[in-house]
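Student: Please walk me through this model, one feature at a time. I would like the general idea before each case.

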Amino acid sequence: MLPLGHSSAGFLISQLKKPKPNLKEIIFLIVSANIFDLDLLFLYIFQRPLFIHHRLPTHTPLFGLLYLLIFYILLKKKFRPKIFLLSALAMISHLILDNISYSIYPSIVNHPIAWGYPFFDPGNTINNNLINLSSQDYKTEISTVTDYYFTKTPIVLYAEFFLFFLSLYIGYKNYSKRNKNV
Ligand SMILES: [Zn+2]
């Protein structure tokens, strides 16, 4: 799934907080919902093919715990514990949404999220040797990504837009009333 879907999920999870979250909390939860795709940045910098990122340990709950720990150490004075709980939920939403692509299109996506890594990985998802592939051998430009989404996994694309429009609706509902009261 693309940042649009993950960010929308992060926003929707932020709206679970009562009273309403402030802007910093919303941004933190949107970042949490996208943090697993940080591996894309490293693959890009080190010129590795981007499509392998779901098959690295960086897309597992184990890494989520690591990210959560780092967030907690850095931001524990800024946010209440409840926000870190929602951050964990936002991270889980990322892996669930990524896994949905596999559930709908197992013959195209091939590998599920390795939920139990490093203890068990029945889908043979994690393959650290892939890091040795060179990106020059693969096309990973934006045009191939959008082409992939539009032609091969359209339901995932519709799901992204559904989450985005749901966020707009919930955001409008939750924040427009407040304006009226001002
Ligand atoms: Zn991802």
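Tutor: Let's begin with one residue. Leaving aside its neighbours within four places in sequence, alanine 9 is in contact with Ala33, Ala90, Ser93, Leu97 and Leu163. Two residues are in contact if their C-beta atoms, placed from the backbone, lie within 7 Å. Residues are numbered from 1 along each chain as its sequence is written. This is a predicted model, where local features need pLDDT of at least 70 and side-chain atom pairs count only at pLDDT 80 or more, while totals for chains, interfaces and linings use all residues.

Student: Which elements does the chain have, and how many?

Tutor: Helices (H or I, at least four residues) and strands (E, at least two) are DSSP runs, numbered from the N terminus. Here there are eight helices and zero strands, so from the N terminus on the elements read α-α-α-α-α-α-α-α.

Student: What radius of gyration does the chain have?

Tutor: The radius is taken over C-alpha atoms, and the globule rule is 2.2 Å times the number of residues to the power 0.38. For 182 residues, a compact globule would come out near 16 Å; the chain has 18 Å, which agrees. Along its principal axes, the C-alpha trace spans about 55 × 40 × 30 Å. Among contacts between residues at least 6 apart in sequence, 66% join residues at least 24 apart.

Student: How many of the 182 residues count as buried?

Tutor: A residue is buried if 20 or more other C-beta atoms lie within 10 Å of its own, exposed if 12 or fewer, and partly exposed in between, with C-beta atoms placed from the backbone. By that rule, 27% of the residues are buried.

Student: Which residues touch the most other members of the largest nonpolar core?

Tutor: A nonpolar core is a set of buried Ala, Val, Leu, Ile, Met, Phe, Trp, Tyr and Cys residues joined through C-beta atoms within 7 Å. The largest one has 20 residues, and Ala9, Ile13, Leu29, Ala33, Leu86 and Ala90 touch the most other members. At least two residues come from each of α1 (3-14), α2 (23-34), α5 (81-104) and α8 (154-181). The most come from α5, which gives six.

Student: How do I check the length of α5?

Tutor: The expected span of a helix is 1.5 Å times one less than its number of residues. With 24 residues, α5 reaches 35 Å from its first C-alpha to its last, close to the expected 34 Å. For α2, 12 residues should span 16 Å, and its end C-alpha atoms are 17 Å apart, which agrees.

Student: Which residues of α2 are buried?

Tutor: An α-helix has 3.6 residues a turn, so residues three or four places apart point the same way. In α2, the buried residues are Phe28, Leu29, Ile30, Ser32, Ala33 and Asn34, and what covers them includes α1 and α5. Isoleucine 27 also sits in α2, yet it counts as partly exposed because it has 14 C-beta neighbours inside 10 Å. On α5, the buried residues include Ile83, Leu86, Ala90 and Leu97.

Student: At what angle do the axes of α2 and α5 cross?

Tutor: Two packed helices are described by the angle between their axes and the distance between the axes. Axes are lines fitted to C-alpha atoms, for helices over the stretch in contact, and angles run from 0 to 180 degrees between N-to-C directions. The axes of α2 and α5 come within 7 Å and cross at roughly 35°. In the contact, α2 uses Glu25, Phe28, Leu29, Ser32 and Ala33, while α5 uses Ile83, Leu86, Ser87, Ala90, Met91, Ser93 and His94.

Student: Where are the cis peptide bonds?

Tutor: Most residues other than glycine have a negative phi, and most peptide bonds are trans. Another joins tyrosine 117 and proline 118, with omega about 5°, and proline 118 lies in the loop between α6 (106-109) and α7 (142-152).

Student: Which residue has a positive phi of about 70° although it is not a glycine?

Tutor: That is asparagine 110, in the loop between α6 and α7. It counts as partly exposed because it has 13 C-beta neighbours inside 10 Å. Asparagine 124 has a positive phi of about 50° and is placed in the loop between α6 and α7; with 11 C-beta neighbours inside 10 Å, asparagine 124 counts as exposed.
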